[in-house]
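Please walk through this structure with me, from single residues to the packing around them. Keep the sequence and the 3D view side by side.

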Amino acid sequence: MNIIPVKNYQDMSRKAAEIVSETINTMDKPVLGLATGSTPEGLYQCLINEHKEGNISFRHVTTFNLDEYVGLHGSDPNSYRYYMYDKLFRHIDIELENTYVPNGVAEDLEKECTSYENLIQEHASIDLQILGIGLNGHIGFNEPGTSFTSRTHIVELDEITRQANARFFKSLDDVPTQAITTGIGTIMESKKIILLISGENKAETVARLVNGEISETFPASILNEHSNVTIIADVASLSKLSK
Ligand code: GLP
């Protein structure tokens with residue numbers, strides 16, 4: 001894994017935006033894998049700015065989000081569909097029908113997982129996948145213990161994940177207990193991956209990712225086996241890395 005150390009959150013977002021913009025500007029029909037959470041918000045803001053300045057268009061771009069909460073409709077402010085609309089899509093010229101997020105209120109959730117996975121395969125994989133990382137090493141919502149060969153599936157969310165995400169909800173009780181996530185196998189098929197990490201609270205996570213063993217107990221560790229992963233991390237998150 002290639003690590004690009006940056007000063008702070010702002011620089012992480014700008015560097016990531018440069019890479020995403022280059023992909024969009026040099027490819028005919030780029031397929032982007034998108035993440036949610038607080039980490040990529042700055043990246044999305046940079047992309048909006050680039051678009052407003054006329055440097056980038058999303059008309060030819062298709063996007064697949066990593067995950068969605070089970071039980072939240074796309075109009076719910078805490079759903080990831082809503083997050084994407086609010087923080088990126090409504091500010092740019094992307095065709096909304098080319099933006100895919102799993103449907104967390106599908107009548108048949110298993111079927112939704114299969115069709116979402118098939119849809120990604122039909123697009124011949126993700127060209128550039130943007131990732132954040134959970135404190136327990138989750139990527140997407142693939143919690144510790146998830147098989148490295150998993151495909152899009154339903155997960156039971158870890159307590160640590162529900163607590164970390166409770167800040168977006170009225171109370172911990174309101175945080176869904178399940179989600180749909182693309183699998184680790186799905187993510188690993190992306191041609192290129194950028195992993196964004198910021199903040200001191202992620203320092204242990206980064207240290208384990210870079211220096212720890214590759215194990216299903218720490219899902220992101222499999223990224224060590226991908227041939228094209230770039231970690232863009234600020235100095236605070238790199239503070240516990242052994243030199
Ligand atoms: C969320 C998302 C992940 C995200 C992670 C970290 O639960 N499902 O895709 O990377 O947790 O979130 P944050 O960036 O807010 O720390």
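The model is a predicted one. Asn165 sits in helix α5, which covers residues 159-165. Leaving out residues up to four places away in sequence, Asn165 touches Tyr69, Tyr80 and Phe141.

Asn165 is also one of the closest residues to the ligand. In total, 14 residues surround the ligand. Ser38, Thr39, Asp67 and Lys202 are likewise listed among the closest. In Ser38, an N or O atom of the side chain is 2.8 Å from an oxygen atom of the ligand. In Lys202, a polar side-chain atom also lies 2.8 Å from an oxygen atom of the ligand. Asp67 faces another kind of atom: its polar side-chain atom lies 2.9 Å from a nitrogen atom of the ligand.

**The nonpolar cores**

Turn next to the interior. In soluble globular proteins, nonpolar side chains tend to be buried together. Here the largest nonpolar core has 28 residues. Val20, Leu34, Leu43, Tyr44, Leu47, Phe58 and Leu88 have the most contacts inside this core. At least two core residues come from each of α1 (9-26), β2 (31-34), α2 (41-52), α3 (80-87), β6 (128-131) and β9 (192-197). Which element gives the most to this core? The answer is α1, with six residues.

Take Leu43 as an example. Not counting residues up to four places away in sequence, Leu43 touches Ser13, Ala16, Ala17, Val20, Ile130 and Leu196. A second core is separate and has 19 residues. Its members include Ile193, Phe218, Leu223 and Ala233.

**Helix α4, end to end**

Now follow helix α4, residues 109-122. Its 14 residues should span 20 Å at 1.5 Å a residue, and the end C-alpha atoms are 20 Å apart, so expectation and model agree. At the start of the helix, a side-chain oxygen of Asp108 comes to within 3.3 Å of the backbone nitrogen of Glu110.

Which residues of α4 are buried? They are Leu109, Glu112, Cys113, Tyr116, Glu117 and Ile120. An α-helix has 3.6 residues a turn, so residues three or four places apart point the same way. Viewed down the axis of α4, the buried residues fall within an arc of 130°, which means they line one face of the helix. This buried set packs against β3 (62-65), β5 (99-100), β7 (153-156), β8 (178-181) and α6 (184-188). The face turned away from the buried side carries the exposed residues Glu110, Lys111 and Glu122.

Gln121 also belongs to α4. Its relative accessibility is 35%, so Gln121 counts as partly exposed. Apart from neighbours within four places in sequence, Gln121 is in contact with Arg151 and Glu189. Gln121 and Glu189 are 68 residues apart in sequence, yet 9.7 Å apart in space, C-alpha to C-alpha.

**Beyond the helix**

Most residues other than glycine have a negative phi, and most peptide bonds are trans. Against that background, look at what follows α4. Ala124 has a positive phi, near 60°. Ala124 lies in the loop between α4 and β6. Ser125 is in the loop between α4 and β6 as well. Ser125 is not a glycine, but its phi is positive, about 75°. Is Ser125 buried or exposed? Its relative accessibility is 14%, so Ser125 counts as buried.

Glu143 lies between β6 and β7, in the loop that links them. Its relative accessible area is 4%, so Glu143 is buried despite its loop position. What does Glu143 touch, not counting residues up to four places away in sequence? Its partners are Asn136, His138, Glu156, Leu157, Asp158, Thr161 and Pro219. Glu143 and Glu216 are 73 residues apart along the chain, and their C-alpha atoms are separated by 9.0 Å.

Note on methods. Residues numbered from 1 in each chain as written. Predicted model: local features only at pLDDT ≥ 70, side-chain atom pairs only at ≥ 80, totals over all residues. Heavy atoms only, no water. Core = buried A, V, L, I, M, F, W, Y, C linked by side-chain atoms within 4.5 Å. Buried < 20%, exposed > 50% of the residue type's maximum accessible area, 1.4 Å probe, protein only. Contact = heavy atoms within 4.5 Å. Expected span 1.5 Å × (residues − 1). Arc of directions from axis to C-beta. Polar contact = N/O pair within 3.5 Å; in protein donor to acceptor, adjacent residues only side chain to side chain. Near = heavy atom within 4 Å.
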